[in-house]
Each structure stands twice: as structure tokens, then as C-alpha cells.
Amino acid sequence: MAKSILLLMMTSFLFTGCYSVKKSIVTALPYSSKINWPDDYLPTDADFYVHNKIQINAKPEVVWNLLIQAEQWPDWYSGMKNVELLSSESESLENSINFKFSTMGQNFQGVIREFIPHQRLAWETKNKKLGAYHAWLIIQSANGCLLITDEVQKGKLAKLQKVFLPNKLRKLHDVWLKEFKRLSESE
């Protein structure tokens, strides 16, 4: 049994790849320096890290308005469920707001740590098994904008994900970005 598990883990590494990050990779990402990573969530110290981006032919304001409407994400993105803002006054994400959500079969509570309209949004979430920092950048371009999302994870759950599901989060983020593109460009 132990040999079978070891063989399965080795096969997983060979065929799916492990999305860990080295300092040279992070510095090679052209916009990584624009993310204000907290000291606890530097990509070079991560247990797990993903980077995704997509070009969108829409104004940054259009993309931003979709991004901050968190409670509507589950309507068009299957990777996010049960999003609820934990403020009775707010209808969209804003600076320092707490919100809860479910993704990849886990429940989380996050707090907005960076909020610069039409440019940057980031949240932090922590529980006993995982700490994560999820950042979004909207970079204006000639034909609209580049939407980037990076996520750093630390903890037991991040280490397990790195071994057993190394590409799942990256693929989910790709789907999320494609939906942002589809909805933004249809505005």
C-alpha cells in the first residue's frame, strides 16, 4: 500500500507538474513587483503559488465593476460559491470589508487588504489549514486592459494541494479570467 501511494505521488509530479515558485520566476513576471505582497505572503516563500493573466478588450472600469461585485461571482463562475459580504451597508467589495466564500470544497473568510479602484484588489484569508493572499491587478493597455491574478498560499492544505492537485487552482483561475473577459467584452 505504501509503495502504491509513493508511486502515485511520483507519477503526479511527473505528469502534472508542481507549481512551486523560485525567486527567478517571480522576478521574471513583469507585474509581480506591482503587487504589494505582505511579508507573510511573499511568492518566494510560498508553499503554493499561482499566476494567471488575460487580455480583455474592455476598459479597466468595466472589469473593476465586475470584480467588486463578489456576491454575483457564483452566478457566472462555478469555482466560487456562497459569497457573502459581512457588512449590512455594502453591496460590493470595499477596503477592509470582510466576506465569506466557498471554493474547492472549503469555506473561507477573507478581508480586503488592498483596494485601489480600477487598478488593484487583494484579500487575505486564514484558517487552521491555510493562509492565502489573493491579488488582482488591472493594467490599462491600448485595447483595454490586462487582468492579472496571483495567489500565494501557506499551510497544510497548500502543501497537500501542491502534491495532489498542483494545477487545479491555476485552471480554475483561468476559467474565472475567461468569464471576466466574456462578460466585460459583452458590456
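Okay, let's start with a term: a residue is buried if its relative accessible area is under 20%, exposed if over 50%, and partly exposed in between, using a 1.4 Å probe and the protein chains only. The areas themselves come from the Shrake-Rupley method with a 1.4 Å probe, and for residues only the protein chains shown count as cover.

Now the ground rules. What you see is a predicted model, where local features need pLDDT of at least 70 and side-chain atom pairs count only at pLDDT 80 or more, while totals for chains, interfaces and linings use all residues. Residues are numbered from 1 along each chain as its sequence is written, and side-chain values use heavy atoms, with hydrogens and water left out.

So, the overall layout. We have six helices and seven strands; helices here are DSSP runs of H or I with at least four residues, strands are runs of E with at least two, and both are numbered from the N terminus. Walking along from the N terminus, you get α-α-β-α-α-β-β-β-β-β-β-α-α. Of the 187 residues, 46% are buried. The protein exposes about 10,300 Å², and carbon and sulfur atoms supply 53% of that. As for contacts, meaning heavy atoms within 4.5 Å, take those between residues at least 6 apart in sequence: 55% of them join residues at least 24 apart.

On to the aromatics. Rings of Phe, Tyr and Trp (its six-membered ring) pair if their centres lie within 6.5 Å; planes under 30 degrees apart are stacked, over 60 edge-to-face, and the rest tilted. That rule gives 15 aromatic pairs. Take Trp73 and Trp123: the ring centres are 5.6 Å apart and the planes sit at 35°, so we call the pair tilted. This pair links distant parts of the chain, with Trp73 in helix α4 (residues 73–76) and Trp123 in strand β5, 50 residues apart. Buried or exposed, you ask, for Trp123? Trp123 is buried, at 3% relative accessibility, and Trp73 is buried too, at 0%. Both belong to a cluster linked by ring pairs, whose members include Tyr77, Phe108, Trp136 and Phe180.

Next, the largest pocket. Rolling a probe the size of a water molecule over the atoms shows where empty space is left. The pocket holds about 370 Å³ of space. Its lining has 25 residues, and Thr103, Met104, Phe108, Gln153 and Gln161 lie nearest the centre. Which element gives the most to the lining? That's α5, with five residues. By type, the lining divides into 15 nonpolar, eight polar and two charged residues.

Met104 has another feature: a positive phi of about 50°, although it is not a glycine. Met104 sits in the loop between β3 and β4 and is partly exposed, at 26% relative accessible area. Asn82 also has a positive phi of about 50° without being a glycine, but Asn82 is in strand β2 (residues 81–85) and counts as exposed at 58%.

Last one: His173, in helix α6. His173 is buried, at 2% relative accessibility. Beyond its neighbours within four places in sequence, His173 contacts Val50, Asn52, Tyr77, His134, Thr149 and Glu151.

Key:
1 Å grid on protein atoms, 1.4 Å probe; cavity = no way out; pocket = protein on both sides within 12 Å on 5 of 7 lines; lining within 4 Å. Points joined across faces, edges and corners; volume = space filled by probe spheres on them. Nonpolar A, V, L, I, M, F, W, Y, C, P; charged D, E, K, R; others polar.
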